[in-house]
Amino acid sequence: MLECMFDYKRVSLREQLPTRQRRIHELQQRVQRMQGAAVSRTLESLPGLSGVIQLRTGEAYAVDSPSLAMALVAGASQAGEWIAIVGAPDLGLEAAAGFGIDLERTVVVPRPGELWLSVTAGLLDVATVVIVKPPVPVSAQQAERLKSRLRTKDAALVCWGDWPRSDATLAITESSWLGLGRGHGRLTARRVVVSVRQGGPVRRVPLWLPGPDQQVAERDHTVVPLAVAQAG
């Protein structure tokens, strides 16, 4: 009996070790944010998006749809990062969970009103990635002020809408659903083409958002430059 008790305790401590390490890592990140240490790192992304774009802390991204916003942050959420969603009451939490976002590590402020900017800035103290849908056009001064805070708080921003001087802009240019028959059926998958503007020429990337297996993935590995696609 004593041997069994000893073995049980040893297994329990071994199982608890990853949890303790994760908590220590979270505490270290919070201390860095409170101290305002300027850092930049690449965040985890969904496997299907790793070849398309990867978020980095200190940067801001603009998307034109909630699906893209959720897909971009899902990888970081699955890796244990905290996520915040500001000013997007239309963004369904069930859909967010479907993309893989951990709702237990998600802070939601659906209607911040005119305080949306200060709420977003405040959440950067605890969240690694913030999705925000501004209720009004964002000025270059506001964007730069928040960009500076992203750098010091080791966080990234995904804007559902226009964002001045964003580090990358993603937009859905084509979209079709699978699963519907002649007026009936169940939507099972979505095929899209996403334009990605990040420093160089605009790229067009065919994606499943999501696919029949409910995973986000590239539909093929051919990335077509926008100019070539329009000419062809």
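This is a predicted model: local features need pLDDT of at least 70, side-chain atom pairs count only at pLDDT 80 or more; totals for chains, interfaces and linings use all residues.
As background, nonpolar side chains in soluble globular proteins tend to be buried together. In this model, the largest nonpolar core has 38 residues, and a second, separate core has 20.

**The nonpolar cores**
- In the largest core, the residues that touch the most other members are Leu-72, Val-129, Val-158, Leu-170, Val-194 and Leu-209.
- Helix H2 is the top contributor to this core, giving eight residues.
- Leave out residues up to four places away in sequence, and Leu-72 touches Leu-49, Ile-53, Leu-55, Val-63, Val-158 and Leu-170.
- Over in the second core, you'll find Ala-62, Val-132, Ala-143 and Ala-155 among the members.

**Helix H4**
- H4 runs through residues 116-123, and its buried residues are Trp-116, Leu-117, Thr-120, Ala-121 and Leu-123.
- Look down the axis of H4 and these buried residues fall within an arc of 165°, so they line one face of the helix.
- The cover over them includes strands S2 (83-86), S3 (106-109), S4 (129-132) and S5 (156-160), along with helix H5 (140-153).

**The largest pocket**
- This pocket has a volume of about 260 Å³.
- It's lined by 15 residues, and the ones closest to its centre are Ser-67, Met-70, Ala-95, Phe-99 and Trp-177.
- Helix H2 (66-78) and helix H3 (93-99) are the elements that each give two or more residues to the lining.
- Sorted by class, the lining has nine nonpolar, four polar and two charged residues.

Key:
Residues are numbered from 1 along each chain as its sequence is written. Side-chain values use heavy atoms; hydrogens and water are left out. On a 1 Å grid over the protein atoms alone, a cavity is a set of points where a 1.4 Å probe fits but cannot get out, and a pocket is an open set with protein on both sides within 12 Å along at least five of seven lines; lining residues have an atom within 4 Å of a point. Grid points are joined across faces, edges and corners, and a volume is the space filled by probe spheres set on the points. Helices (H or I, at least four residues) and strands (E, at least two) are DSSP runs, numbered from the N terminus. Ala, Val, Leu, Ile, Met, Phe, Trp, Tyr, Cys and Pro count as nonpolar, Asp, Glu, Lys and Arg as charged, and the others, Gly among them, as polar. A nonpolar core is a set of buried Ala, Val, Leu, Ile, Met, Phe, Trp, Tyr and Cys residues joined through side-chain atoms within 4.5 Å. Buried means under 20% relative accessible area, exposed over 50%, partly exposed in between (1.4 Å probe, protein chains only). Contact means heavy atoms within 4.5 Å. The arc is that of the directions from the helix axis to the C-beta atoms.
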